[in-house]
Amino acid sequence: MSSIFCLETEWEQSIHDMKKESSVRPLLQYLNASEGTEFVFRQVATRAEFEYYLDHLSRLSYQRFDIVYLCFHGREGEITFANRESISISQIAEQFPNIFGDRKVHFGSCSTLKVDSDTISEFKEITGAKLVTGYAKAVPFHDSFLFELWLMHLLTHHKSLGSIKLNAKVEKEMKFYGDRLKFRTF
């Protein structure tokens, strides 16, 4: 079974942000409690924190985490943080070559994959990602939560799952959500 490495932003900057719980941690805890899925989770508010924790994937002790789940605000081709900083997927690739060596990467963020396929192909080539998934539009939280619970379950149980087979599974089992969220796989 696969293990999940998850980074999530703080979703809002307000007087309540330190009191709000993670929105993705319950999903990971459910997978752990029901299936024994191992995960590591960090909540990050800034680009510097993101870069610090992402660099952990290069460490030997993190090699078993073969699914990278990135939960952030997003715009076309980038993720954004609680403090409104951002980083493009091209910048991630440039700054962290080979960081995803043979891992599956899911961008749980609005519109990040609303880019041309050449951009994603270059990202995969430079970072070594085996599979890249995400959304090409702004996504409603509850819909994406339900879809991502299904997706993380699927990815953890099918290590060799590639883009073509994943697209077929989405079409067969989760077509409504796949279409509604403009889910993309590469």
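**Close-up views of a predicted model**

**View 1. The sheet of S4, S5 and S6.** Three strands form an open sheet in the order S4-S5-S6, with antiparallel pairing. Its edge strands are S4 (73-75) and S6 (86-88), each of which pairs on one side only. Direction ignored, neighbouring strands of this sheet are turned by 25° against each other on average; axes are lines fitted to C-alpha atoms, for helices over the stretch in contact, and angles run from 0 to 180 degrees between N-to-C directions. Strand S5 (residues 78-80) is joined to S6 by three bridges, and the two run antiparallel. Glu78 has Ser88 in S6 as its bridge partner. Strands (E, at least two residues) and helices (H or I, at least four) are DSSP runs, numbered from the N terminus. Two strands pair if DSSP finds at least two bridges between them. Strands of a sheet pair through backbone hydrogen bonds, either parallel or antiparallel.

The model is predicted: local features need pLDDT of at least 70, side-chain atom pairs count only at pLDDT 80 or more, and totals for chains, interfaces and linings use all residues. Residues are numbered from 1 along each chain as its sequence is written, and side-chain values use heavy atoms, with hydrogens and water left out.

View 2. Buried means under 20% relative accessible area, exposed over 50%, and partly exposed in between (1.4 Å probe, protein chains only). S3 pairs with strand S1 (residues 3-9) in the parallel sense over six bridges, and Ser3 stands opposite Phe65 in S3. S3 also pairs in the parallel sense with strand S7 (residues 104-108), over five bridges. Here Tyr69 stands opposite His106 in S7.

**View 3. The surroundings of Thr185.** Thr185 lies in strand S9 (residues 183-185) and is buried, with a relative accessible area of 10%. Its side chain makes a polar contact of 2.8 Å with the side chain of Ser163 and one of 2.8 Å with that of Asn167. A polar contact is a pair of N or O atoms within 3.5 Å; within protein, one must be able to donate a hydrogen and the other to accept it, and residues adjacent in sequence count only if both atoms are side-chain atoms.

**View 4. Buried residues of helix H5.** Helix H5 spans residues 141-157. Its buried residues include Phe147, Trp150 and Leu151.

Notes
The expected span of a helix is 1.5 Å times one less than its number of residues.
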